Amino acid sequence: MTIDQDKLGELLGTFVADLGATIGAGNVVVGHRLGLYRSLADGPATAEQLAQRSGTDPRYVAEWLRGQAAGGYVTYDPATEQFSLTEEQAYALADPDGLYLPGAFVLALGALRAESQITDAFRTGAGMGWHEHHEDVFTGCEMFFRPGYVASLVSSWIPALDGVAGKLAAGGRVADVGCGHGASTVLLAQAYPKAKILGSDYHQASIDIARKRAADAGVADRARFEVASGQAFSGTGYDLIATFDCLHDMGDPAGAARHIRQALDADGTWLIVEPLAGDTLADNLNPVGRIYYSGSTFICVPNARSQPGGYTLGAQAGETAIRQLTEQAGFTRFRRAAETPFNTVYEARP
């Protein structure tokens, strides 16, 4: 066997980056849970000063800061021996309404807790339902996706849909299917106070949190929630039905598409938000595709396998697969309405 040292060195470089990211993920979550990023956003600090601000132990904080600086998540000044966050780092790591990258790490570590069950599923072909995961998967999912909804849902996604913004402003009816903790439901209720919105999810614990979030936001009078699957949520005559990053997780997305078609008003709109993906594997061999394929192996495919229906679209289904689902359900109009670095937004109409 002849080893190409350049190729081996390239592989080892990838390994070092991946191993550092893997163990570093735990430190990001520690920083999130202890408010270390938020405390550092108040201004430059030594380890001792940051520990005092955050009520933590300075020796642990010193090691944490050194690792964060080595990874580029915080900035270190050797002259003052202080650490700080740039505006960009603070926006991404300390602002819950910014990018808030720690949420993605909470989600990832929560999913990895299921490694033994997923390993067994590889052997048996069995599924693992969303509800069977650690609670960090649910909270991390909301933290990961919510910033994108805050940035785009009301300002660009809804306006990109034909006539929908006007209907909602006038008091339209909305169903938010697979709403999870209700982040998207609450945002819609806040933006369109005359609209009536139903959020649904099959996971009871998530619906309990969604109801609390709506009450805390003062929109419980116009945003209600129910425990129901995408194939069985209640109501008809909706002006807008939305599925945010959940259609590909379903064992029976075709059944959900048919139910959505029946529940829509004759001039209604289905807003479909899915992970950014091309139609072929080659299209998705990139860093974003790697994140989604890896997450899909632990969450999306096992969840679909746990449900009846026979589908396992996965998180990189692509536009063609989503279009086919809408056409089979009786939708006659379908288009890509918007796109972000992590999501594609589709519009389907009867």
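In this predicted model, the side chains of R349 and D162 meet in a salt bridge, with a nitrogen-to-oxygen distance of 3.0 Å. This pair links distant parts of the chain, since R349 belongs to strand β9 (residues 343-349) while D162 sits in the loop between α8 (135-157) and α9 (164-170), 187 residues apart. R349 has a relative accessible area of 6%, and because buried means under 20%, R349 counts as buried. D162, by contrast, is partly exposed, at 48%.

R349 also meets the side chain of D267 in a salt bridge, here at 2.5 Å from N to O. R349 lies in strand β9 and D267 in strand β7 (residues 264-275), so this pair ties together parts of the chain that are 82 residues apart in sequence. Salt bridges that share partners join D162, K167, D267 and R349 into one network. D267 itself is partly exposed, with a relative accessibility of 37%.

| Salt bridge | N to O distance |
|---|---|
| R349 and D162 | 3.0 Å |
| R349 and D267 | 2.5 Å |
| R66 and E63 | 3.1 Å |

Side chains of opposite charge can pair when their charged atoms come close. R66 is partly exposed at 48% relative accessibility, and E63 is partly exposed at 47%.

R66 also takes part in the lining of the second largest pocket, together with T46, A47, E48, P58, R59, A62, Y76, E81 and F83. This pocket contains about 170 Å³ of space. Helices α3 (47-54) and α4 (58-70) each supply at least two residues of the lining, and the largest share, four residues, comes from α4. Sorted by class, the lining has five nonpolar, one polar and four charged residues.

The structure also holds one cavity of 30 Å³ or more, and the largest cavity has a volume of about 40 Å³. The residues that line this cavity are E274, P275, A315, A317, G318, I322 and Y346, of which five are nonpolar, one is polar and one is charged.

On the surface, M1, I3, L8, L11, L12, F15, V16 and L19 form a nonpolar patch, with about 860 Å² of accessible area together.

Terms used. Residues are numbered from 1 along each chain as its sequence is written. This is a predicted model: local features need pLDDT of at least 70, side-chain atom pairs count only at pLDDT 80 or more; totals for chains, interfaces and linings use all residues. Side-chain values use heavy atoms; hydrogens and water are left out. Patches are made of residues with over 30% relative accessible area and no salt bridge: like charges are joined within 9 Å, nonpolar side chains (Val, Leu, Ile, Met, Phe, Trp, Tyr) within 5 Å. Accessible areas come from the Shrake-Rupley method with a 1.4 Å probe; for residues, only the protein chains shown count as cover. A salt bridge is a side-chain nitrogen of Lys or Arg within 4 Å of a carboxyl oxygen of Asp or Glu. On a 1 Å grid over the protein atoms alone, a cavity is a set of points where a 1.4 Å probe fits but cannot get out, and a pocket is an open set with protein on both sides within 12 Å along at least five of seven lines; lining residues have an atom within 4 Å of a point. Grid points are joined across faces, edges and corners, and a volume is the space filled by probe spheres set on the points. Ala, Val, Leu, Ile, Met, Phe, Trp, Tyr, Cys and Pro count as nonpolar, Asp, Glu, Lys and Arg as charged, and the others, Gly among them, as polar. Buried means under 20% relative accessible area, exposed over 50%, partly exposed in between (1.4 Å probe, protein chains only).
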